[in-house]
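The exercises below concern a pair of protein chains. Each gives a task and then a solution in steps.

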Amino acid sequence: MKPFFRFLILLMAGYVLAQGTAFAQTNVRGRVTDSDGQPLAGVTVMIKGTTVGTNTAADGTWSLQVPKGAVLEFVSLGMTPVTRPYQGETGIDVIMEEDILFLEDVVVVGYGTAKKETLTAAVSAIKGEELLKSPSTNVSQVLAGRLSGLSSVQESGEPGLDQASIRIRGSVYGVSYVVDGFPVSDINDIDPADIESISVLKDGASAAVYGLKAAGGVIIVTTKKGNKGDVHITYNGSVGVSMNANFPEFMDGPQFAYYYNVAQMMDQLANGTISSTQEYVPYFSRDNVEAMTNGDPTDGWDNVNYINKVFGTGLNSKHNITLQGGNDRIRYFIGSGYLGQKGNIDGYNYTRYNLRANVESKVGRDLTFTAGLSGVLGDRSTPRFASGGSDGAGSSYEVGYFSIAHQTVGMWPFLPEKMGDYYTGTVANNQSTPYSPLAALYLSGNNHTKSLTATANVSLAWDIPWVKGLQVKVSGSYDNSNSYSKNVATPYYVVTHDRAADGTWSWSSPKVDVNGTADGNKLGEGVTYQESLTGQVDMTYAGTFGKHGIDALVLAEVRDYKTNNLSAYVKNLPFALLPELNNGTPTSNPVIGSSNASRSAGYVGRVRYNYDEKYLAEFTGRLDGSYKFAGMTSTRWGFFPSASIGWRLSKEDFMQGASFLDDLKLRASMGLLGSDSVTAFMFLSQYAQGGKVVYPGVGAVPSYYTSGVPNKDLTWEKTLSYNLGMDFSLWNGKLGGEIDAFYNYTYDILTYNGGGHASSMGGYYSTYINKNALDSKGIDILLTHKNSFGLGGRPLFYEVGATLTYSKTRWLVYQDSPNVPEWQKVTGTTYNSLWGWQADGLYRSEEEIDNSAWYGTRPNVGDIRYVDLNGDGKIDWNDRGIFGKSNRPELTFGLNLNLGWNGFDMNLQFTGGALFQVSLTGTYFNGYDDNTIWTQTFKEGGNSPLFMVENAYSVYNPDGTWPRLTLSTTGHGGDNGLSSSFWWLDGKYIRLKTAQLGYTLPKEITRKFGVEGLRFFVEGNNLFTIDGLPKGIDPESPGVNNGYYPQQRYLMGGITLTL
Amino acid sequence: MKKNIIALAAVAAMLSGTACTKMLDLTPKDSISDKVMWAQVSSAEYAVNSIYSYVYDIYAAYPCVAGMTEALTDQFKYGSYLYNSLCFIPSEIAYGGNTLTANYVDVYLGAWDSLYGAVRRTNEAIYNLHTLGTGLPEADRIRLEAELRLMRSWLYFELVKRYRDVILYDEDMSAISTDKALSDEADVWTFIKGDLVYAETNLPVKEQAKGRLNKGVAYALASRALLYAHDWEGVIAAADNVKEQGYDLEANYAGVFKAEGKETILSYNFSYADNITHSYDFYYTPGGDYSLVNEQGGGYGTPTQEMVESYELATGGFPDWTPWHGTTTDTPPYAELEPRFQATILYNGASWKGRTIEPWVGGTDGWAQWRKETQPQGRTTTGYYLRKGVDESHDLSARTQSVQPFVILRYGEVLLNKAEACYRSNDAVGANAAVKAIRARVGLPYSDLSGDELWAAIRQERKVELAFEGLWYWDLRRWGDASKNYPTGLNAYQVHGLMIVPAAVSGQYEYTYVSVDDKDRNYPARMDRFPMPSSELNNNAKVEQYAEWK
C-alpha cells in the first residue's frame, strides 16, 4: 500500500500547487540531491498547509516564493520525505535519503516471505492495487502483460466462464495456485479488491517446495490482512456495458443470394451439370432479392442481421466495500463484493458475491493466531444451449453443434425473424433439425448453476521464548465447494423456408427442434460436493550471527480431497414452469452418481544463508508422496531439491563509485519439479463397468472390461529447471529491471502408449509409460521507469513498465511411430504445433491441376493446391506434417503506463503476442480437423463471413485469394477446409487490453463532507487491437468448429470512496 | 542452539514414519480389482458379458462403417448426396475405381484394429479365467471358457474372411509383441476349428443356457464360417447338428424377424428399460412415418428396382418387367410377387402401420431424385422402402430408438449353407432337399435341379431368402464373383428405381424407370482381400502389405 499512498500524496501535492496565495514572500532557491550528491529531478517542493509548490528541475534546482516562517515539504517517490522550516535564508539545499522501506520490498514466496533484495530465485510479483486498474471480472484476466514470464490467452467472453488460461514460461503444465498458504484449484473467484499481492514462482528454486504440483509454476495470492492505524472503509463501484470486441461481418440477404447463386453456378460448372454461365438457373431469383429488400417481412423474405440480433450489449456492475484497521494486538480486514454480469447475448448471466474476513491477533506474549474466512457465491445461468461448444452432448443436454454461436452464424440473413407465431429456422446440411438462434435463446429452456465455496484457514504460531527467532506453527485449511445445477429443456418449434425443385419457396409446417418432442419438457438436476483439508506443521528459525544470516524452515503437509456428485433426470414435465423432479417421469438413465478421493503428503525443508546480505545462498527440498502411484516402492515418494545463489554486486566496495547504482544483483538457480497429472491407479489391474448387455429371455446384465494394462513402474514427470537472473535499480529507482534467462528440461513425461505399437497387439501394452521429454528455454524481462516532472506548473508523475516473455518449448523425445514420414515425427518440433498439409496457393488453371497431385477427386480451379511431399503423385494423409506454429504465442509482451497529474490518473495496459499462428481450421480434441465457418463458404448451407466470399476465387473474381466459392456438399470444396498451412495465419498482435482514467477530488473539498477520498474513473478493456488477421478474427480465438462466446469489450465508469 | 536441534529433531520424529505411506493407499472408485472379478461365477460372467457384446459389433459395426453392405451391391441405395456415411459414401465405395486406396478401404471396410482389440480382450479373459478363476466350480469354468472360445473363433473368422492371412494370438498374453508375422490362412482355420470344437463340445444346449451362448450357436456359426474354408463336410455336419438341436424353419417367413422362435439360433437383444437401443428404424422406416409426426427421419436407404426384380411371382417364375423399364401408367405386379417380397420391401400401395405407403412425388413418404435433391430427408430415391427388420409396431411419436432384436443366426441360413456345401461336394440330393425346404415354406414350386442350374437356384435363394441380413456382399466376394460384370458380379452396372407421379386419372400413377447412380459401379478384384491398416504396417517389422495392395 505504501507506494499507493505516496502516489496519492503526490497527486494531492499537485492539486495544492494550483491554488494561489496572498502572503508576503521571498524568492527562495535551492537544490535537492541524494545522499551521493546526485541531483534529484521532479521532487515536489511545497509549502506545508498551503497549496503553493513547485518541482525541481533536471539539475535538482528549484525556486519558489516563500513567506517567512513557512515549512517546506520535499516529496519524491522512493525517498523519505523531508520537511524544512524557512527562516529567511536565500538558499535551501536538501539531501533526500532513499526510502529503505520502499526498496526493501518483501515478496511472498512458497511457505514464507523473502526480502526482494536478497531473493535468489526467479519470482515476479504484483501489488493488489494494480489489479483494480481494469474492468476485469476475474483475476486471471488482469495478469496478462503485467507480469513477466507469464502468458495468457482468453478464449471466451462468456459471463462466468471468461477466465484466461495462464501458462508460466511456456510450460506444458497448468499453474498451481496457492492462496494464503494453501493450495486451491483456481483463483478466478477471488475479488480483486481483497488481494494484497500476487507472486509468480517461475523457476525451480522458488517452486520446488511445492514438489509434485510445481512443474507448471506456482501463483501465490495473498489477501489483505489489515494495517495498523485508523479504520478505513472503502467503497468501490462501477457500472458499464460490454459488447463483442471483435467479430467479422457476415453476408446480408442480397449478398447471400448473390454469392450463393455464384457458388452454385461454380459447382454446376465444375460437375458438368451446366457448361456455361448462361445456362445457370439462379437459386435465388431477382424477385426473391427484391422481396428481401422491400421492407415487408410478411412476404416471407427479409434482411436481418442475426449477428447483431444475438450479440447485443451486456450490462455489468461491480461493487465492493472493504474495511480494515488494527493496532498492536489485532489487525483485521473485511471485504465484500458483488459482480453482476448480464451478457451481451440474452440469457447468459452471472452473479457473484464475495465475502472475506481476515484477522490476525496476538493472543499471548508469544502466540499469534490468524483466521481467514471466505465465501464465494456464484450464480450462472444460460439458455439451454452452450454459447460455443465442444462436440458430444454434455450431461446437461447440451449439444456443441447447436451452440448459440454456431446457430447464429449459420442463420440465413434473408429469413424474417418470425413467421406467424414461430421463429424461423435455417435448414442446415447434415442436420435433421434447423438452426434458429433466437428460438434457441428464448424458447429452449435454461441452465442454472449455483455454487458456494467456503474456505476457512486458521493458524497458531508460537515464538519459542527461550530461542530467539525460532517459531513453531500449526495451520490448517478446510475448503468446501458445493454446486447445484438445474437444467430445464423445453421443446419448441420453428418454421423453415424451403425451396422446391421448381424454384418456388414455401414455409414448412412447424418443425421440432433438437430438444425433441418425444420426451416433452426435460429436467436435469445435479449436485457436486467437494471438500479438501490441508494440514501443516512447520518450524522456522531466523537469526544473524555477525555478518552471517541464517533462516531455516521444516514443514510437513498433508492434503486430503474428496468429491461426490449426484444427478437425476426426468422428462415429460407437464409444465416447464414447475420444474421439479417429482413432476416428471424418469428418463432411461435417471440417476448418475460417482465419487472420488485423492491424498498426498509432503515434507519441506529450506535453509537460506547470507553473508552481509552480499553473498546469498538458498537450498530447498521437498519429499512428496502421491496416492496415484504404487505404494511401498520407490515410485510413490519423490525428492525435489533446489539450490540457488545470489551476489549483490552493488554491495561490493569496488562498486561504491557507481553512485547511480541503487542495487545490482546476479542470481543463479537450479531445481527439480514434479507433476503427477496422470490418471491414478495405473499400477493396478482393474475392471471397469461397461454397458449392460441383454440376453434373450433373461434381460439386461452388467458387463465389466479390463480398464488398462497395468504398469507398476509408472512414476511422475520431472522438470529440471535452470535460471540465470539479474535485478537492478538505477538512479533512485528511476530505472529498474529484472532480467531472467531459463532452461527447463522436462522428462519422464507420461505418454499414452498408443503409438509405436502394432494394432494386432489389440492395445495390450501398458497404456502410459514415462517416456517423452521436452525442453523450454526463454527469457523474461521486466523494465520499469518512473519519474516526475513539471507540466503546466504542476508535477506530472509517470511510470512505465514493460514486460517481455519469450519461451520456446519443443519435443526432445516423443513416442513417434517408426515408419511415419519424417515430417510427421513430433520429436524436435515445437510443442502443440499445428499439423496439416502444406498449401501452395490456389489452382489458377486446369493445366496446373493436370500437372499436380491432388487429394481424393480431381479439384477445380480455385481449390487449394497441396504439396506432394513424398512425391508419390497423390495427396494423402502421408503428405501431412507438423508445419505450423502453436496457437500460444512464443513471445508475449506488455506495456504498462501510469500517469498522475493534478488529481488525474491514467493507466494503460497494452499486451501483445507474436510468433504464433491462429488456425482458422477447427481441430477436435483428438487431432481430427474439420471445416469451420472461417474456411468453408456456406458451411452446412449457412451464412459465411463477408471477407471470405468477397475474396473467394470465382469466375467473376479470378484473382480471388481465398478458395473458390462453393456450396461444398461433396468432393472438393470440402477438402479446402481441411487443415493446411493456407489457414494458419500469423497471429501477431498488440491490443490495448485495459485502460483506466480517474480523477480524485482534492481532500480539502472532500473532507468537508467527512470523506477521506473520492475518485471518479472510467475504464475499458479490449479497446482496440492491431493485427494482420481477417477483419473480426480475434487473435486469441480458439481453433474450434462450433463457435465460441466472443471476447468482450467492457466500458465502465465508477467511483471509489474512502471514509 | 542445542535446544533448537532438539526441537527440530522432535518435530521431524513426529512427522516421519511409515504411517504416511499407508495413508496414501487409496482404492479406485470407478473400477474393481481383477482378482475380485474372477473370484465368483456371477462376477466372472460379468467379465464374459463384455466379450459377448462383440456379437453386436460383428453384426452392426465391423462390416462397413459407411452403411449396410447391401448398399455396396445391387440391392440397396442410400439416397442422400451429402458426403457422409449412410449417405453418399456407400455409393462412392460402390463406384470403386481409384477411390479405393488402401487407406480409404481400411477406413470404411477395415476392421483389423477393432477385431484385434476384441481378440486381445477375449484372450485376456481366457487368461484371467485360467489364472484367477481357479476357484470357480469346474463346470462353470469350462462353460465360460467355451463361451469365450466361441467368441474368439468368431472374431478370427471375421478376420480371415476379410484378410485371409492374419496374425494368430491365443491366451498366452506374453506372446503379444509388436513385431509378429502373419500365419497362413490354413493355420488360422485350424485355430478357428479348434475353438469351435471346444465350444460345440462344452457349451450347454439352448434350453439350459439361460440366454447365453449355446451349442446351437456354435454349430450354426460353424456352418457359416466353414463355407469360407471350403470345408464342405464340416458345413454339412454342422448344419445337421443344428437340426439335431431342434431348430427348424418357421411356417411364416415374415414372422422370423418379429419374434424369437424355433428358427432363431442367435439374436442380439435390446431393452428400453436399460437404455440399450439401436437406430434401425430411425434410418430405414418409411419417411412418411416421421413426417406424420412432424419429424425427420427414416428412408436413409431404400431397396432398388434390381432387388425388386430378383423376386419371383408367388406362383414361381419371374414377371416381365420390360414395361417398367420406360414410362408407363400400368401398375407393377407387386401384389403377385412371392411372400418374401411382401415381407421385405414396401412399395407403392403396400399397407404399413394402418396406412398406405406413398412413395410418389408429393406423397406422404415422397420421392426425391438422386443427386438433384441433395437431401431426401425421408423420401425414397428408388420408389421403395425396406420392410424386413423394421419394426412396424414402433410408435415414432413416443420414441425414436428401437429395441427389436437383430437376428444374427437362423436356421434358414443354415439350410442354405448346407445346400451350398452339398452342391460343392456333388451331393445334389442334399442340395435340392435344402432348397426345396426353403422354397416350400413360402409356397414356391421347385423341381430338382443339377449342375449350373442347381447352383443358380442356390444363389437365387441366398439372395432373396437372406436379403438385408448382411451376407450377400460377402457371398459375392467369397465366390470370387464380385469383380465380374453384373449380374454375376458388382462391376459395370447402375442401380435403378421407379419415379412415381400421380397420373391424371385418380388412383393411377405414372412409373418411370430412372438410374439412381452417377456412373457405372466398379469392384476391383483386389477388394477380395482388404488391405492391412498402416497402424500395423508402420509398427510391425515382420509384415508387409498384401501383394494386391502394394
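**Exercise 1.** In which loop of chain B does B:Pro487 lie?

Solution. The model is a predicted one, in which local features need pLDDT of at least 70 and side-chain atom pairs count only at pLDDT 80 or more, while totals for chains, interfaces and linings use all residues. Residues are numbered from 1 along each chain as its sequence is written, chains are lettered from A and ligands numbered from 1 in the order in which they are written, and side-chain values use heavy atoms, with hydrogens and water left out.

Step 1. Helices (H or I, at least four residues) and strands (E, at least two) are DSSP runs, numbered from the N terminus.
Step 2. B:Pro487 is in the loop between helix H20 (472–478) and strand E11 (496–502) of chain B.
Step 3. The peptide bond leading from B:Tyr486 to B:Pro487 is cis, and its omega is near 10°.

**Exercise 2.** Describe the interface of chain B and chain A.

Solution.
Step 1. Count the residues in contact (heavy atoms within 4.5 Å): 82 residues of chain B touch 77 residues of chain A.
Step 2. Take the buried area, which is the accessible area (1.4 Å probe) that two parts lose on being put together, summed over both. For chain B and chain A this is about 6,500 Å², with 58% of it on carbon and sulfur atoms.
Step 3. Look for salt bridges (a side-chain nitrogen of Lys or Arg within 4 Å of a carboxyl oxygen of Asp or Glu). There is one between chain B and chain A. B:Asp274 forms a salt bridge with A:Lys692, and the closest N and O atoms are 3.5 Å apart.
Step 4. List the elements on the side of chain B that touches chain A. Among those that supply at least two residues each are helix H1 (2–15), helix H4 (41–52) and helix H8 (112–132) of chain B. H8(B) gives the most, with eight residues.

**Exercise 3.** Which strands form the open sheet that has E1(B) in it, and in what order?

Solution.
Step 1. Two strands pair if DSSP finds at least two bridges between them.
Step 2. Strand E35 (residues 686–695) of chain A pairs with E1(B) in the antiparallel sense over three bridges. A:Tyr687 has B:Ile32 as its bridge partner in E1(B).
Step 3. E35(A) also runs antiparallel to E36(A), and seven bridges join these two. Here A:Tyr695 has A:Gly699 as its bridge partner in E36(A).
Step 4. The order of the three strands is therefore E36(A)-E35(A)-E1(B), in an open sheet with antiparallel pairing. Strand E36 (699–706) of chain A and E1 of chain B are the edge strands, each pairing on one side only.

**Exercise 4.** How many bridges join E31(A) to E30(A), and how many join E31(A) to E32(A)?

Solution.
Step 1. Strand E30 (residues 548–573) and strand E31 (residues 585–611) of chain A are antiparallel, with 23 bridges. A:Arg559 is opposite A:Ser600 in E31(A).
Step 2. E31(A) and strand E32 (residues 615–626) of chain A are antiparallel too, with 12 bridges. A:Arg608 is opposite A:Glu618 in E32(A).
Step 3. Three residues separate the strands in the hairpin of E31(A) and E32(A), where A:Asp612 has a positive phi near 60°.
Step 4. A:Asn572, in strand E30 of chain A, also has a positive phi, near 55°. Most residues other than glycine have a negative phi.
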